[in-house]
Amino acid sequence: MRLPLVLGAALGLIAATGAPAIAYEAATVTDGGTIKGKVVFAGNPPAKKKVIPTKDKEACGSGVREVDQILLGPDKAVQEAVGYLKQIGKGKAWEKPAKTPAIDNVKCDFTPHVQVIPAGDIEIVNSDPVLHNTHGFLGKVTVFNVALPNQGQRIAKPLKKPGMVRVECDAHGWMLGWIYVADNPYYAVSARDGTFTLTNVPPGSYTLVAWQQYAGAVEIPVTVKPKEVAPVTVELKK
Ligand SMILES: [Cu+2]
């Protein structure tokens with residue numbers, strides 16, 4: 001009776017994370033190229049969600065909170081989109097983060113709202129004088145669930161599996177954050193002008209993914225030539 005259970009668990013895992021990640025190997029990159037992406041939104045911008053806190057008003061405010069679903073700059077540029085290469089098996093070495101990445105509860109929002117980290121620990125921090133219950137999901141699976149009753153609290157939790165982790169607060173329904181756990185070091189979060197850069201990419205053909213919380217993900221084929229810049233405009237729609 002054990003085998004079907006194990007199989008079921010394995011299938012569930014694949015369903016939650018997409019295709020299984022291929023192992024990544026760091027190697028010397030010769031004549032690497034650069035991908036310069038620009039993310040734009042082609043649809044009608046959605047209205048901000050309006051929320052009125054019913055508790056913790058000193059920390060969270062007593063008026064209407066306007067919650068962005070997408071952050072747009074001039075020329076429909078999309079901020080805080082994640083760009084990354086999919087299924088790349090070999091390339092530049094990981095840069096070790098200077099310090100453990102963190103997601104902070106600040107004025108009843110997550111800071112940063114979107115980030116990318118290598119597999120490893122994330123520190124969950126509470127800068128507010130109220131209880132936040134920070135809850136991370138990979139698909140439907142809980143990957144951490146941390147109650148932080150005290151201001152200044154920090155608790156590290158491991159994120160081992162690659163994929164997009166959605167972060168909610170069980171105490172404040174509007175709070176939403178995203179942690180993309182990368183399976184290779186070719187990733188970036190778009191700037192205010194919608195641009196992002198992936199450097200030192202081995203020449204070759206790849207699939208570039210761009211993702212944003214409201215618009216979802218698109219995949220674009222991109223070819224990188226030795227020492228050249230490959231410009232890519234990514235159009236998100238809804
Ligand atoms: Cu909260």
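## The copper site

Four donors count as tetrahedral if all angles lie between 85 and 135 degrees. In this predicted model, the angles among the four donor atoms of the copper ion run from 97 to 131 degrees, so the site is tetrahedral.

The copper ion is coordinated, at 2.0 to 2.7 Å, by ND1 of H132, SG of C169, ND1 of H172 and SD of M175. Along the chain these donors follow the spacing H-x36-C-x2-H-x2-M, and two of the coordinating residues, H172 and M175, are both buried.

## The nonpolar cores

The largest nonpolar core has 27 residues, of which I35, L85, L198, V201, L208 and V234 touch the most other members. Two or more residues are given to this core by each of the elements β2 (33-41), β19 (195-201), β20 (204-212), β21 (216-224) and β22 (229-236), and the largest share, four residues, comes from β22.

L208 shows how such a residue is surrounded: leaving aside neighbours within four places in sequence, its contacts include I35, L85, F196, L198, V218, I220, V222, V232 and V234, and also Y84 and E219. A second, separate core has 23 residues, among them I122, I124, A171 and I179.

## A buried serine in a loop

S190 is found in the loop between β18 (187-189) and β19. Buried means under 20% relative accessible area, and S190 counts as buried because its relative accessibility is 6%.

A polar atom of the S190 side chain lies 2.7 Å from the backbone oxygen of V78. Not counting residues up to four places away in sequence, S190 touches V78 together with V39, Q79, E80, A81, T195 and F196.

Definitions and conventions:
Residues numbered from 1 in each chain as written. Predicted model: local features only at pLDDT ≥ 70, side-chain atom pairs only at ≥ 80, totals over all residues. Heavy atoms only, no water. Donors = N, O, S within 2.8 Å, 3.2 Å for Na, K, Ca; no water. Tetrahedral: all angles 85-135°; square planar, octahedral: opposite > 155°, others 65-115°. Buried < 20%, exposed > 50% of the residue type's maximum accessible area, 1.4 Å probe, protein only. Core = buried A, V, L, I, M, F, W, Y, C linked by side-chain atoms within 4.5 Å. Contact = heavy atoms within 4.5 Å. Polar contact = N/O pair within 3.5 Å; in protein donor to acceptor, adjacent residues only side chain to side chain.
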